[in-house]
Amino acid sequence: MSDSALPELGQAQTTGYATLLRLPVPRRLAFASVPADFADWLDYAAVIALLVFAWGEGPFVLALFAFVLTLPYVAVGPLLAVYVDRAPLARVLVLSNIGRALTTLALVVAPSTAAVLGLVFLRACVDSAFGPARQAAIQASTPPEMLGTANGLHHAINQTSKIAGPAIGGLLLALIPAQAVFGINAVLSLLAAALVWGIALPVRRKPESEAPTKFLADLVAGVAEFRRSRLLLAALVFSSVAYFAFFLYDALIALLTQEFGLGATAFGISIAASGGGGLLGALVAGRLAARWPMPTMIWAAIFSGLVTLALALAAIAGYVLPALLFYAVMALAGGSTAFMLVPYRTIVQREAPPDRIARVFAAGEAIIMAVMLSAPFIGSAIAAAYGTPVAFAAGGAMLIALGLASSLVLALTKRA
């Protein structure tokens, strides 16, 4: 079956994952996302091991590592997205994966901490172009009624890589040096590039009759889409507040684990449980996001908030939570986040015009991350002043308030 068969198959009556994977282009994108997403996480443990255990670096360098890992998505991603929207998507997908492979390979011979941090920054810059390009490719190649399914599948792949990538990387470190892990990871990016090589994606260029626009005008055009579409703006505001609430307590999970009398092993299992919940949640959310994107996000926020608040109140009351129950709660919390992320991406792909989808996605991601960056510091301040569980309670209460307020606004909008 050729890629050109996509329009005919787009009329399929079902929207399940099996149907999606029978479409040639979405199938190739999904297969390429497996090594691409694993490449994001496989050497995460190796970089930290190199900095801490081999070179003896401390908390300040680790904070810098987190900073250079995040900054490109806020400062560089929206700029690169202009070029992503102008260039052929298939070319961007290939070149961005090759770029990630080259910067990862350079880590093998990085001589110092500064060089490692610089290369991590460069790789994140390249990745800030790959993310919007993949979202644009999903929009361009997926039938509209299957966008939720496609986003659920890609989020499930991403969650799997977050669980398995660092774990496999940690196991590899017991057998080979960190530099060898970088080499393996570079091969994964090259494999992702090979899988998208020659992929047939629709052309999104503007008609030749339209006058070419300047870079700044193109950059602003992506942001302007959020003013044009009330649904797009509502989804962005909702996601920004939700992620702020999540990150009030996300970095404090290890401390909450201690509050319940559990140790480091339980903490590791709880993170895996949260990732597993996110994986299953993504697969289910993909089926709901297509039909009820905003209601799905709203109810997920309320549910997540209630779970988080209940966990916090249990810790404040001094309950000794059994490990299995703690893992189950973490799985529920992780699963509920997928019910907010998958619908958001579905809304972006439905509302953004094809010729500026990358800019819209990158601008939204930059705004969400910019809002989110202060949350860990505020959560840490709350925990230091009032105790770790209070930070969780604050985040949970914010999610509940967000869900209730959004539900009220949605009801008033429908009535109007």
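Biologist: Is Val241 buried, partly exposed or exposed, and what is its relative accessible area?
Modeller: Val241 is partly exposed, because its relative accessible area is 30%. Buried means under 20%, exposed means over 50%, and partly exposed lies in between (1.4 Å probe, protein chains only).

Biologist: What am I looking at here?
Modeller: This is a predicted model, where local features need pLDDT of at least 70, side-chain atom pairs count only at pLDDT 80 or more, and totals for chains, interfaces and linings use all residues. Residues are numbered from 1 along each chain as its sequence is written, and side-chain values use heavy atoms, with hydrogens and water left out.

Biologist: Back to Val241. Where does it sit?
Modeller: Val241 is in helix H12, residues 230-249. Helices are DSSP runs (H or I, at least four residues), as are strands (E, at least two), numbered from the N terminus.

Biologist: New topic. How many salt bridges are there?
Modeller: The structure has 5. Each is a side-chain nitrogen of Lys or Arg within 4 Å of a carboxyl oxygen of Asp or Glu.

Biologist: Which residue does Arg134 meet in one?
Modeller: Asp37, with N to O at 3.0 Å. Arg134 is in helix H8 (residues 113-141), and Asp37 is in helix H3 (residues 24-41). The two are 97 residues apart, so this pair links distant parts of the chain.

Biologist: Are those two buried or exposed?
Modeller: Arg134 is buried. Asp37 is buried too.

Biologist: What about Arg100 and Asp40? How far apart are the closest N and O atoms?
Modeller: They are 2.8 Å apart, in a salt bridge. Arg100 is in helix H7 (residues 89-106) and Asp40 is in helix H3, 60 residues apart. Arg100 counts as buried because its relative accessibility is 2%. Asp40 is at 30%, so Asp40 counts as partly exposed.

Biologist: What else meets Arg100 in a salt bridge?
Modeller: Asp127, at 2.4 Å from N to O. Asp127 is in helix H8, 27 residues from Arg100. Asp127 is buried, as its relative accessible area is 10%. Shared partners join Asp40, Arg100 and Asp127 into one salt-bridge network.

Biologist: Which ring does Arg100 lie over?
Modeller: Arg100 lies over the face of Phe130, 4.5 Å from the ring centre. The test is NZ of Lys or CZ of Arg within 6 Å of the ring centre and within 35 degrees of the ring normal.

Biologist: And Arg123? What does it touch?
Modeller: Its contacts (heavy atoms within 4.5 Å) include Arg100, Asp43 and Asn185, not counting residues up to four places away in sequence. Arg123 is in helix H8. Arg123 counts as buried because its relative accessibility is 12%.

Biologist: Last one. How many aromatic pairs are there?
Modeller: There are 4. One of them is Phe260 with Phe326, tilted, 5.7 Å centre to centre with 50° between the planes. Rings of Phe, Tyr and Trp (its six-membered ring) pair if their centres lie within 6.5 Å; planes under 30 degrees apart are stacked, over 60 edge-to-face, the rest tilted. Both Phe260 and Phe326 are buried. Ring pairs also link Tyr243, Phe246 and Phe247 into a cluster.
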